[in-house]
Amino acid sequence: MPAEQHKFKFNFKYFDIHCHAYEYSLNEIEYFLNNKILIFSVSEDLESIKKNLEISKNYNLPIFVGFHPWNSEKISKNDINFLNKIIKFENIVGIGEIGLDKVFGKNFEKQKEIFIEQLKIAKEYDLAINVHSLKTLKEVIDLVIKFDIKKVNFHWVNYSSYLEEIKNLGYFCSFNITIKNKENHKKALEVLDIKNILTESDGPYEYKNIKMSSIDVIEVVKEISNFYKIKEEKLIRQLKRNLKNFIKL
Ligand SMILES: [Zn+2]
């Protein structure tokens, strides 16, 4: 295989770095792929990890595996062992959706414990992480620095004073369709550099009566290109470079 050809052998134009593909129908997944969107499914628990492994094998798609902070209380030592066991499967490009949540998450100490266990695996296998950091940006940044994680994507972040630090550390932030109506996200784009940006959907999550979907990334690219006043084609090339800096394709 020539060096420049990535192992997923898929000639994509757009990508969705954070969706929950195990909740999509197969028709939906095929629709995204037909629209040249490379989707990266994250996981949240044991069941979604197993479903993602299936999807990944069937469509040769990259996936993230891991335990969501909302599920921390249910996660046992056995589950962490399972993660360790499957982590070398070649289509796994990172660990996610992992992180901390002070709004909807319970038992913050347990969340931290499970997050740290997964950071250790990311470090050991040199994997990227896809992070959920609701009202916990400071804590997450401190931990990823402490565990020396080099490739981090902060998914669906709002503007905050910590974005400057994220930029300086060379980490990434992914934006979804909510960028259209939220000034807050535009403010985030203002602080960040174009090199820190990735596109995502968080589909099929439902937010304020909108069912988010991987097809949204086409619109997200338009929004970002308008914001930075650069041509879409040029932005797409930059986003692909960012993606390659984030994960090994
Ligand atoms: Zn998510």
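What share of the contacts in the chain with a separation of 6 or more comes from residues 24 or more positions apart? Such residues account for 68% of these contacts, two residues being in contact if their C-beta atoms, placed from the backbone, lie within 7 Å.

This is a predicted model, in which local features need pLDDT of at least 70 and side-chain atom pairs count only at pLDDT 80 or more, whereas totals for chains, interfaces and linings use all residues. Residues are numbered from 1 along each chain as its sequence is written.

Begin by colouring the chain by pLDDT, the predictor's confidence in each residue, from 0 to 100. The chain has a mean of 94, and 97% of its residues reach 70 or more. Next, select residues 1-5, where the pLDDT is below 50; beyond near neighbours in sequence, this stretch has zero contacts in the model. Where pLDDT is low, the predicted coordinates should not be read in detail.

Now display the cartoon, which shows nine helices and 10 strands (DSSP runs numbered from the N terminus: helices are H or I, at least four residues; strands are E, at least two). The C-alpha atoms fill a box of roughly 50 × 40 × 40 Å, taken along the principal axes.

Then select Phe 15, Ile 39, Ile 129, Val 152, Phe 154 and Cys 173, the residues with the most contacts inside the largest nonpolar core, which has 65 residues. Such a core is a set of buried Ala, Val, Leu, Ile, Met, Phe, Trp, Tyr and Cys residues joined through C-beta atoms within 7 Å; a residue is buried if 20 or more other C-beta atoms lie within 10 Å of its own.

Finally, centre on Phe 154: not counting residues up to four places away in sequence, Phe 154 touches Val 131, Ser 133, Ile 166, Tyr 171, Phe 172 and Cys 173.

Methods:
Buried ≥ 20, exposed ≤ 12 C-beta atoms within 10 Å, placed from the backbone.
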